[in-house]
Amino acid sequence: MDVIDSMESHLSLKELLLNVKSVLSKSFASSYWVSAEISEIRENANGHCYLELIEKNENSQSIIEAKIRAIIYSNYYGMIKPFFLKETGSHLKVGMKILVKITLVYSEIYGLSCSILSIDPTFTLGDLAKRRMVTIQQLKEDGIWDMNATLSLATPTQRIAVISSATAAGYGDFCNQLENNKYGFCFRYKLFPAIVQGDRAVSSIISALHLVFDEIDNFDVVVLIRGGGATTDLLAFDDYDLASEVAQFPLPVITGIGHERDESVVDMVAHTRCKTPTAVAAFLIETMLNLETKVLSLGHEIMLRLSNVAMDYNQTLDKKLLLIKQNIARRLSQEEVAIERSMLNIHSLVKQKVSDELHRLELRENTLTYLSPQRLMSMGYSFATKNGKVIRSSKELKSGDEIETFFMDNSVTSIVK
């Protein structure tokens, strides 16, 4: 162990750190473009924005490989904030990947940090597009991409489960369109409230779908609606978990979650995609109108046949008796053929209905299997308990506590340090 005499020259801590500062300022004098992810962000009263930037391991997103404090001073933040919002439709937020122009700042008291001079919004939009393509590819590889699209709409389609924010203007437009349709069609709908924007949207919509599933026999179709918005406002509808739930849902799902220019992954896997909530209502009304047209057409055909038969009977019996008998015989034969065809059609419809119900039961079974705790644990998830109760937050623990962690095949006991 090296020891120096107290009289020998030495550096104070401040002198050492000032030397470090000098070396850094000479070696990193210019600015740099750096890609990173936001892990923390806050604004203060002076208009400055403080962030923590991180870089995660590509193979394990839970491992942080680099981290640095950053600041956007108010004179830059006043320009960067509105520009980024205009270009992306979103504020800077935790979890967002950004490309920033920085200068390194070293303080002998506060250590190393960086000052952000500019942000490139196209990098963030590009990252979102990349995530979207990964989600689409995964859904196709899982074999569930077009599952919901293969379901048949019920005839008639009148019992509707609606997933939307209760206060959304789009929900009000949807209800008004259905209730005030000019044809007088009756619809019965029930709202399953959900958050349709922001970080909680995915879990909220999935929870609403689960509630619909609990009452699935009461509905013919699920309608998922919200108004339009910025690209980043619709990010929840590109989420894999939500798209997977929609794709595998045992009822047809009709979406109206954005304007015509917006098509989310959920739109792609749903049974039917409409432009807006109002367009969804128009689609349901049109479905009923088509059914009514078919029924009226059939009734008109029957009345026409009856009219022709009556006209034949009004002709002179003496001269037309034989012809009438022949017509009656021919028409009876035709009706027998029509009845036989109708019976075949009914048999086919009944067979199709039974097949649909079996398919629905299979989808329910698959959904239950997909949501089972055993499957989640087989994928690598685990949970921990303290005194037999599940731990939901690290705030419930203190040093010295004994916890038990459960895996798929076993459990281990640990002591909190």
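# Chat about a predicted chain

Biologist: Leaving aside neighbours within four places in sequence, what is Ile-136 in contact with?
Modeller: Ile-136 is in contact with Trp-145, Val-265 and Met-268, once neighbours within four places in sequence are set aside. Contact means heavy atoms within 4.5 Å.

Biologist: What kind of model is this, and how are residues numbered?
Modeller: It is a predicted model, where local features need pLDDT of at least 70, side-chain atom pairs count only at pLDDT 80 or more, and totals for chains, interfaces and linings use all residues. Residues are numbered from 1 along each chain as its sequence is written, and side-chain values use heavy atoms, with hydrogens and water left out.

Biologist: Back to Ile-136. Which helix is it in?
Modeller: Ile-136 lies in helix α3, residues 121-141. Helices (H or I, at least four residues) and strands (E, at least two) are DSSP runs, numbered from the N terminus.

Biologist: Is Ile-136 buried or exposed?
Modeller: Ile-136 is buried, with a relative accessible area of 10%. Buried means under 20% relative accessible area, exposed over 50%, and partly exposed in between (1.4 Å probe, protein chains only).

Biologist: How far apart are Ile-136 and Leu-368 in space?
Modeller: They are 23 Å apart, C-alpha to C-alpha. In sequence, 232 residues separate Ile-136 and Leu-368.

Biologist: Zoom out. How many helices and strands in the protein chain?
Modeller: The protein chain has 10 helices and 14 strands. Its radius of gyration is 33 Å, well over the 22 Å that the globule rule gives for 417 residues, so the chain is more spread out than a compact globule. That radius is taken over C-alpha atoms, and the globule rule is 2.2 Å times the number of residues to the power 0.38.

Biologist: What box do the C-alpha atoms fill?
Modeller: Roughly 145 × 55 × 35 Å, along the principal axes.

Biologist: What share of the residues is buried?
Modeller: Buried residues make up 32% of the 417. As for contacts between residues at least 6 apart in sequence, 62% join residues at least 24 apart.

Biologist: Which residue caps the N-terminal end of α6?
Modeller: Asp-239 does, with a side-chain oxygen 2.9 Å from the backbone nitrogen of Asp-241.

Biologist: And Gln-248, what does its side chain make a polar contact with?
Modeller: The side chain of Ser-244, at 2.9 Å. A polar contact is a pair of N or O atoms within 3.5 Å; within protein, one must be able to donate a hydrogen and the other to accept it, and residues adjacent in sequence count only if both atoms are side-chain atoms. Beyond four places in sequence, Gln-248 is in contact with Ile-144, Met-147, Leu-363, Thr-367 and Tyr-370.

Biologist: Loops next. Where does Asn-57 lie?
Modeller: Asn-57 lies in the loop between β2 (49-56) and β3 (64-72). Asn-57 is buried, with a relative accessible area of 17%. Its side chain makes a polar contact with the side chain of Glu-65 (2.8 Å).

Biologist: Which peptide bond is cis?
Modeller: The one from Thr-155 to Pro-156, with omega near -5°. Pro-156 lies in the loop between α3 and β6 (159-164).

Biologist: What phi does Asn-387 have?
Modeller: A positive one, about 55°, although Asn-387 is not a glycine. Asn-387 lies in the loop between β11 (383-386) and β12 (389-390). Asn-387 is exposed, with a relative accessible area of 71%.
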